[in-house]
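I would be grateful if you read it with the coordinates open beside you.

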Amino acid sequence: MHTENRERVEAALQKVPEPFRTTLILRDIEGFVYEEVAEMQGVNLGTVKSRLVRGRAHLKAALMPGTEGKARVETARFEIPLGEEAR
């Protein structure tokens with residue numbers, strides 16, 4: 001069962017867009033603290049937090065039963081270009 005869950009999460013992670021995926025992996029899987037992730041990615045702390053919120057929402061949508069990753073991730077009505085978060 002553990003192997004099955006791991007495979008499911010890995011497949012769902014592939015559906016998470018960059019740079020959210022990398023941020024999720026560094027923080028939630030590899031266990032780096034927020035400040036380390038910010039330094040590794042060359043972004044500020046707020047950007048890391050923003051990317052984690054968005055990345056987790058994408059991952060949750062991809063893991064929801066019956067949606068096969070097609071569930072739409074709800075975002076605010078305004079769009080922020082990647083690289084411009086929390087500046």
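1. Basis of the note. This is a predicted model, in which local features need pLDDT of at least 70 and side-chain atom pairs count only at pLDDT 80 or more, whereas totals for chains, interfaces and linings use all residues. Residues are numbered from 1 along each chain as its sequence is written, and side-chain values use heavy atoms, with hydrogens and water left out.

2. Overall fold. The protein chain has 4 helices and 0 strands, and along the sequence it follows the pattern α-α-α-α; helices (H or I, at least four residues) and strands (E, at least two) are DSSP runs, numbered from the N terminus. Of the 87 residues, 24% count as buried, where buried means under 20% relative accessible area, exposed over 50%, and partly exposed in between (1.4 Å probe, protein chains only). Among contacts with a separation of 6 or more, 55% come from residues 24 or more positions apart, a contact being heavy atoms within 4.5 Å.

3. H2 against H4. The axes of helix H2 (residues 20-29) and helix H4 (residues 45-63) come within 8 Å and cross at roughly 100°; axes are lines fitted to C-alpha atoms, for helices over the stretch in contact, and angles run from 0 to 180 degrees between N-to-C directions. The two helices are therefore roughly perpendicular to each other, on a scale in which angles under 35 degrees count as roughly parallel, over 145 as roughly antiparallel, 65 to 115 as roughly perpendicular and the rest as oblique. On the H2 side the contact is made by Phe20, Thr23, Leu24, Arg27 and Asp28, which meet H4 residues including Val48, Arg51, Leu52, Arg56 and Leu59. By class, this contact has 5 nonpolar, 3 polar and 5 charged residues, with Ala, Val, Leu, Ile, Met, Phe, Trp, Tyr, Cys and Pro counted as nonpolar, Asp, Glu, Lys and Arg as charged, and the others, Gly among them, as polar.

4. H3 against H4. H3 and H4 pack at an angle of about 100°, with their axes 9 Å apart, and are therefore roughly perpendicular to each other. Tyr34, Glu35, Val37, Ala38 and Gln41 in H3 meet a set of H4 residues that includes Leu45, Val48, Lys49 and Leu52.

5. The core. The largest nonpolar core has 12 residues in all, among them Ala12, Leu13, Val16, Phe20, Leu24, Val37, Val48, Leu52 and Leu59; such a core is a set of buried Ala, Val, Leu, Ile, Met, Phe, Trp, Tyr and Cys residues joined through side-chain atoms within 4.5 Å. The elements that give two or more residues to this core are H1, H2, helix H3 (34-41) and H4, and H4 gives the most, with 4 residues.

6. Thr23. Thr23 lies in helix H2, and it counts as buried because its relative accessibility is 0%. Leaving aside its neighbours within four places in sequence, Thr23 is in contact with Val37, Gln41, Val48, Arg51 and Leu52.

7. Salt bridges. The count comes to 3 salt bridges, each being a side-chain nitrogen of Lys or Arg within 4 Å of a carboxyl oxygen of Asp or Glu. Arg56 forms one with Asp28, the closest N and O atoms being 2.8 Å apart, and this pair links distant parts of the chain, with Arg56 in helix H4 and Asp28 in helix H2, 28 residues apart. Arg56 is partly exposed at 37% relative accessibility, and Asp28 is partly exposed at 39%. Glu10 and Arg6 form another (3.0 Å, N to O); both lie in helix H1, 4 residues apart, about one turn of the helix.

8. The loop between H1 and H2. The peptide bond from Glu18 to Pro19 is cis, with omega near 0°, and Pro19 is found in the loop between H1 and H2. Most peptide bonds are trans. Glu18 also meets Arg21 in a salt bridge (3.5 Å, N to O), in which Arg21 counts as buried at 18% relative accessibility and Glu18 as partly exposed at 38%. Lys15, in the loop between helix H1 (2-13) and H2, is partly exposed with a relative accessible area of 47%. Lys15 and Ala61 are 46 residues apart in sequence and 9.7 Å apart in space, C-alpha to C-alpha.
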